[in-house]
Amino acid sequence: MAKVQTPKPVRGTQDIFGEEQERFQHVVETFERVRRLYGFKGVQMPVFEPTAVFARSLGETTDVVSKEMYSFEDRGGDSLTLRPEFTAGICRAFLTNGWQQHAPMKLSAHGPLFRYERPQKGRYRQFHQLDAEIIGAGEAAADVELLCFADQLLNELGISEGVTLQLNTLGDAESRDAWRAALVEHFSDHEAELSEDSKTRLAKNPLRILDSKAPNDRAIVADAPTIDAHLTSEASEFFAEVTEGLDACGVSWKRDSGLVRGFDYYRHTAFEFIPDAGSAAAEKMGSQSTLLGGGRFDGLIEALGGQPTPAVGWAAGIERLGMLLENVDRNIETVAVVVEHKIAMAKAFEAAKLLRLNNIAVDIYASGSPRKRFDRATKSQATGIVTFDRGPTEGIAQMRVRADESQPLAKKLHKILAEIE
Ligand code: AMP
């Protein structure tokens, strides 16, 4: 018979395991704790949506929609897409569930996303995000609260050192239109030197040229007009309220007037948390720089057929946050339960159950050569060992606690296990 070939994993997917999984889980658990402190309610969203949810809201000219979506026709002939981001799906849910009655709503989610990108360190085709959104709040205080949440999350993960909040405003519709016109004029003057992608963007969405990573675009982008000369007084005032709020909350930030977000629906505040050049954080991240990004997307709900509804949100890559964590200390004691004779098996199970009920992690060593079980346990991470063997009397199991008697763990083990001694 021909040898069966084991199928390969899909390019850009990961099997997250061991230390990496601990980091991943720590990021999610910290997010879940901090989001409660800020009053965000968790939501579980479908992993796929009708393609129109993303095509309409993200803008047909964004890279995600034009090149990166995993879209397919299902057996019923409907065009579906694996979610490339959370925001559009959450806004769809807001509309189809009639959540307007609960507005403003503070929602959070986490889970896998899918983009057909060129995989490299920190960039995958299936990756995972944390996501936080406030829907139905048009005031700058919502932007401030979200940014404080992001800042506290990074602090509590211990990764804020060498990471800076870069902040910009994209203004309101009027400011944006005026800025757009100035950008079109500037880029048209340099059209011949622009990359092919940016020539297309010039016709469809010139703001996206500011986002271009193409080397020949960078110099032209560096001289491009900033939004400042085009901001309406309302838009300037809004931005001032955001920055004053951040200062009041002790969140440090830096203005980056070239920062635009990839998606078309952003208005006013746009931000990214980025490792500083040359910092240890930047080194760990490789060429992928953005840890957490977001902004205000007042135009999105309308693009999905809803009433004009202001909203603001952010998303962060779980893998990228995980890469920056120092060793994750799970802070849970582990004890090895070693079964040296099968007569003692039931008693060992009883002990393991009792210990776990008392918040102590247990690894049971009951297989392989009985002589080697104890050796394996001593080589493990366990801080205490409890052995179960045949006793001097036939049919009786004997338990022995082996832990450093000068440490509180020994006392704890004796106390918990006294019941079955
Ligand atoms: P975006 O939704 O593109 O604004 O991305 C928000 C965050 O998700 C980024 O700052 C990254 O941390 C993370 N992210 C985006 N794309 C990827 C990817 N392909 N692989 C891993 N993380 C990603």
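A polar contact is a pair of N or O atoms within 3.5 Å. The views below come from a predicted model.

**View 1. Glu117 and a nitrogen atom of the ligand.** The separation between this nitrogen and a polar side-chain atom of Glu117 is 2.5 Å, which means that the pair falls inside the 3.5 Å cut-off for a polar contact. Glu117 is also listed among the closest residues to the ligand, together with Arg115, Tyr124, Gln129 and Arg261.

**View 2. Gln129, Thr290 and oxygen atoms of the ligand.** Gln129 places a polar side-chain atom 2.9 Å from an oxygen atom of the ligand. At Thr290 the backbone takes part: one of its polar atoms is 3.0 Å from an oxygen atom of the ligand. The ligand taken alone exposes 480 Å², and 90% of that is buried by the protein.

**View 3. The shell around the ligand.** In total, 14 residues surround the ligand. By class, the shell holds 5 nonpolar, 4 polar and 5 charged residues. Two or more shell residues come from each of the elements β6 (126-135) and β11 (311-317).

**View 4. The second largest cavity.** The model has 2 cavities of 30 Å³ or more. For the second largest cavity the volume is about 30 Å³. Its lining consists of Met45, Pro46, Glu49, Phe54, Arg83, Glu85, Phe86 and Gly89. These lining residues divide into 4 nonpolar, 1 polar and 3 charged.

How values were computed: Residues numbered from 1 in each chain as written. Predicted model: local features only at pLDDT ≥ 70, side-chain atom pairs only at ≥ 80, totals over all residues. Heavy atoms only, no water. Near = heavy atom within 4 Å. Polar contact = N/O pair within 3.5 Å; in protein donor to acceptor, adjacent residues only side chain to side chain. Areas by Shrake-Rupley, 256 points an atom, 1.4 Å probe, with all protein chains shown as cover. Helix = DSSP H or I, 4+ residues; strand = E, 2+ residues; numbered from the N terminus. Nonpolar A, V, L, I, M, F, W, Y, C, P; charged D, E, K, R; others polar. 1 Å grid on protein atoms, 1.4 Å probe; cavity = no way out; pocket = protein on both sides within 12 Å on 5 of 7 lines; lining within 4 Å. Points joined across faces, edges and corners; volume = space filled by probe spheres on them.
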